[in-house]
Amino acid sequence: FNCDMENQAELEEKTRLINQVLELQHTLEDLSARVDAVKEENLKLKSENQVLGQYIENLMSASSVFQTTDTKSKRK
């Protein structure tokens, strides 16, 4: 009878540990998925940032405001 109780307690402990491991695996999967999503978003934002930077450069080179500063400095 005592042996049965020990076996039962051991079985419950194993079950608890297995459930804990499964829960940790799911948590890890969720975190990995979130990391992938953040990486993807980061790449998208970097790309948008480059496009905006290029756009600003083009505006500055086309703008007379930025070009007049060059001519003023040459007059001095």
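1. Partly exposed describes a residue whose relative accessible area falls between the buried class, under 20%, and the exposed class, over 50%. Arg-16 has a relative accessible area of 46%, so Arg-16 is partly exposed. The model discussed here is predicted.

2. Overall make-up. The protein chain has 2 helices and 0 strands. Of its 76 residues, 0% count as buried. The chain exposes about 7,400 Å². Carbon and sulfur atoms supply 58% of that area.

3. The annotated span. The unreviewed UniProt entry carries the annotation "coiled-coil region" for residues 14-48. In the model, that span is 100% helix and 0% strand. The C-alpha atoms at its ends lie 51 Å apart. The label comes from the record; the helix content and the distance are computed from the model.

4. Salt bridges. How many does a search of the whole structure find? The count is 2. Each pair is taken in turn below.

5. Arg-16 and Glu-13. These two residues form a salt bridge, with the closest N and O atoms 3.0 Å apart. Why are they separated by about one helical turn? Because they are 3 residues apart in helix H1. Glu-13 has 37% relative accessibility, so Glu-13 counts as partly exposed.

6. Glu-10 and Lys-14. The side chains of this pair meet in a salt bridge, at 3.8 Å from N to O. The cut-off for a salt bridge is 4 Å. Glu-10 and Lys-14 are 4 residues apart in helix H1, so about one helical turn separates them. Glu-10 counts as partly exposed because its relative accessibility is 45%. Lys-14 is at 47%, and therefore counts as partly exposed too.

7. Negative patch. Which residues gather in a patch of negative charge on the surface? They are Asp-36, Glu-40, Glu-41 and Glu-48. Asp-36 is found in helix H1, which covers residues 2-62. Is Asp-36 partly exposed or buried? Its relative accessibility is 47%, so Asp-36 counts as partly exposed. Patch members need over 30% relative accessible area and no salt bridge.

8. In short. The model has 2 helices and 0 strands, and 0% of its residues count as buried. Helix H1 holds both the Arg-16 and Glu-13 pair and the Glu-10 and Lys-14 pair. Asp-36, one of the patch residues, is found in helix H1 as well.

Note on methods. Residues are numbered from 1 along each chain as its sequence is written. This is a predicted model: local features need pLDDT of at least 70, side-chain atom pairs count only at pLDDT 80 or more; totals for chains, interfaces and linings use all residues. Side-chain values use heavy atoms; hydrogens and water are left out. UniProt positions are given in the numbering used here, feature names are shortened, and annotations may be inferred rather than shown by experiment. Patches are made of residues with over 30% relative accessible area and no salt bridge: like charges are joined within 9 Å, nonpolar side chains (Val, Leu, Ile, Met, Phe, Trp, Tyr) within 5 Å. Accessible areas come from the Shrake-Rupley method with a 1.4 Å probe; for residues, only the protein chains shown count as cover. Lys and Arg count as positive and Asp and Glu as negative; His and the chain ends are not counted. The place of a charge is taken as NZ of Lys, CZ of Arg, CG of Asp or CD of Glu. Buried means under 20% relative accessible area, exposed over 50%, partly exposed in between (1.4 Å probe, protein chains only).
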